[in-house]
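Let's walk through a few side-chain contacts together, starting with rings and then turning to charges. Keep the structure open as you read.

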Amino acid sequence: MNQPLSPDGPLADPPEDAGQSPRNWPEHVLCGVPALIAYIDPELQVLFASQPPRRWLALPPEGLAGRAVGDLFDEACAPRMVEAVLVTLGGQPGTVEGVLIAGRAHRYMYASLQPDMDAQGRVHGVFAVFIDITERHTLELKLRESEQRFFGAFQHAAIGMALVRPDGRFQRVNEALCRMLGYSEEEFLTLGIADIAHPDDYADDLAQLERMREGGMDACQMEKRNLRKDGHVVHFRLSVSLVRDGHGKPLYFVLQAEDISQRKQYEEALFRERELAEVTLNSIGDAVIAADMDLRVTSLNPIAEGLTGWSATEARGRPMDEIFRLRDTRGDAALGNPLRTAIERNAIVELEGKAMLLHRNGFETPIEDSSAPIHDHAGHVIGGVLVFRDVSETRALALKMIHLTQLDTLTGLPNRSQMQGQVEQMVATARRRQQRCALLYVDVDHFKRINEQHGPASGDRVLRALAAQLRQALQDDDLLCRHHGDEFVAVLPQVEAPGQAASVAQRLIACGERTAVSGLPELALRLSVGISLCPDDAADADALLRNAESAMYEVKVDGRHGYRLFTASMNERTASRRRIEAELRLAMAREQLSLHYQPKVDAADGCIVGAEALLRWLGADGAERHAPEQFVSVAEDVGLIVPLGAWVLRQACHQAGRWQQLGVGLPIAVNVSALQFQHAAFLAELQAALSDSALDPSLLELELTERTVMAGGDTTIALLQRIKRCGVRLSLDDFGTGYCSLSYLKHFPVDALKIDRAFVRDVESDTDTAAITQAIIAMARSLGKTVVAEGVETEAEAAYLRTAGCEQMQGFLFGAPMDAAAFGRLLTEQHLRRWASDRSP
């Protein structure tokens, strides 16, 4: 057995059979090593031990020599140490950790064991190097305890928690999150963010995580939708933070999720109530104004906008007394605001006496009024609401006019003007709810053949029957409108996937095939349907409609009778508008546009009494290059309508001036867009056009839309009066298509009203339309206004209008729009006939 090695002085030589035992180690080297070096013999006793750092042990190194290995460690570690030494004596290096005991000292050691082998491979002992890792071990214990506390809190937290790897895969999840989404922990750890995210939210989720990975932010909060294992949607309020290593490299995301599905249900119910209230307010025939406790306006419905002259946007926040001004008709004194009394008394208050409402522009309307306080859930007054109505004899007529101009008289469906607002509302609702909506553009294939084979009256019957069939195929919440001619638009306010909209399209196509009309042979109508989704394909109502129409045209190109979902490659219309814009700019620069003139005739004798100047864009072959409704709308969108309108005004004045010089001059009407009329230089351009052409101002008539005249307030009235002082005639175009109380007409300096085609076409068949048309004519004449009916196409329409007292007519019955030369010849011929008539005895 090897003898213990003395730590004093040079080491004694071991026996010759001691293999690679240490020999001649300088003491100062061993003492400087920050470790305990020992030699253990096959009897498991320490043969030699170096001097360890003083802070380790209270014993000198010779106090270790000769001691059994098992005695140096505590009871828990001793068996592991003995086993590791035995393994090393068997020729295998090893490592072991444990608590070394020397006197009162307890140090946690890491031991590296190497066998002492001779050349023949015989093991004579074990070299052991002990490194003190007490401090590190203590920190590891504390870290382990901290991790245990963290993961205990993580696992049993009331909210859902997860650790997510940078690639989006789940690393750890707690019990709450598993319950929320219906997965076991084992199932969860095989999933990633993509597997539980709602498909419509996933792109936003990826974008947020990518911004965090790139350092754009360290944490974020969001509300999003996830899918349970059973497919149901769960709403989460999510807090996400990113943990990085010391070098800034992402380690994992920490997700905290709170289930807010119930809150979302409450919000949805509240939203539905508000939507219902808003729709109700906007649909009723009475005016409604709401105000807060300080009597500052919080909302107006459309009827209140029309009666006060204030838009909801302008009025919001203003004092009630500025918006709603009353005077007593009996004494001409100002009346107090009844809403103030209702709030003060906390009671419903009726308006006493006869009151006149002062319009923003100075007009007066007799009204009836009722005011009531608004309460919160505790019954405290928080504001008030005022409901009033126009009690003048024209109110019922005006409301009927609105109704007729918003509904298609043939099918009873909302028409194109009504459709726009409803589609915009549905799109806005879908976006707020983070849902999809879909628009279906429906066109009847070869409908013209039905009119040709069976006549227009039968064609109308077919359209009515088809509209009824289409309506039955849709849900109550879905919207169906007649867009134009044989084209319909259906809007689905909520669809889960494109396939749902496609299924509806198939039902509509089947409805077309089933449509039947008594007295007509089997129709088997074939429909082409284009589908556009929001927000997938478009973010607003206009783009949604354009894209659905583009998809419908794709069906036409592919052979008709089917449906297509919109794709970006279909957006030919967008490219077409850009092409029209470029061509229009070039055409304006090269003066390739022209004016045509459509006669206006005296209703009594059919003589031409004027004309309307209409803009045309013809190619070199004389064919129409683009229809006015195409390029004029493009001009409005891109800002060309003002210079284009100025060109039309100058051109019309110059042509009218030439006819005046020839002695055949008659009033020429020019349409003026709202943007052109509101332009600061409009009056100067008008005066310049009259001066340059030497035209008698009475031979120029400006046609303005009802909306343009009503929208501008005092500024518009002042401009109209200045135009009238120039001697120029003014007329209201498309009268009856907006909200304009007939009693206001006397305050506008207009000379003529043009009855819209919507009223003219049904005067024979619809008693309501006929009554309204007669009332318009009678009241306009009582106010000294000339009445012009436009769009007259049949002798029957002309005869009815003539009997009703209409003074002038315009339409294809009396002449289509024609170029200046052709219209000039008509004027000359009429002048010669009159000359000959005057000279005849």
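**Rings and charges**

Tyr39 is buried, at 1% relative accessibility (buried means under 20% relative accessible area, exposed over 50%, partly exposed in between, with a 1.4 Å probe and protein chains only). This is a predicted model, where local features need pLDDT of at least 70, side-chain atom pairs count only at pLDDT 80 or more, and totals for chains, interfaces and linings use all residues. Residues are numbered from 1 along each chain as its sequence is written, and side-chain values use heavy atoms, leaving out hydrogens and water.

Now for the aromatic pairs: rings of Phe, Tyr and Trp (its six-membered ring) pair if their centres lie within 6.5 Å, and planes under 30 degrees apart are stacked, over 60 edge-to-face, the rest tilted. That rule gives nine aromatic pairs.

On to the charges. The whole structure holds 30 salt bridges (a side-chain nitrogen of Lys or Arg within 4 Å of a carboxyl oxygen of Asp or Glu). Among them, Arg327 and Glu364 bring their closest N and O atoms to 2.6 Å; Arg327 is buried at 18% relative accessibility, while Glu364 is partly exposed at 29%. Lys600 and Glu701 form another, at 3.3 Å from N to O. Here Lys600 is buried at 4%, and Glu701 is buried at 3%.
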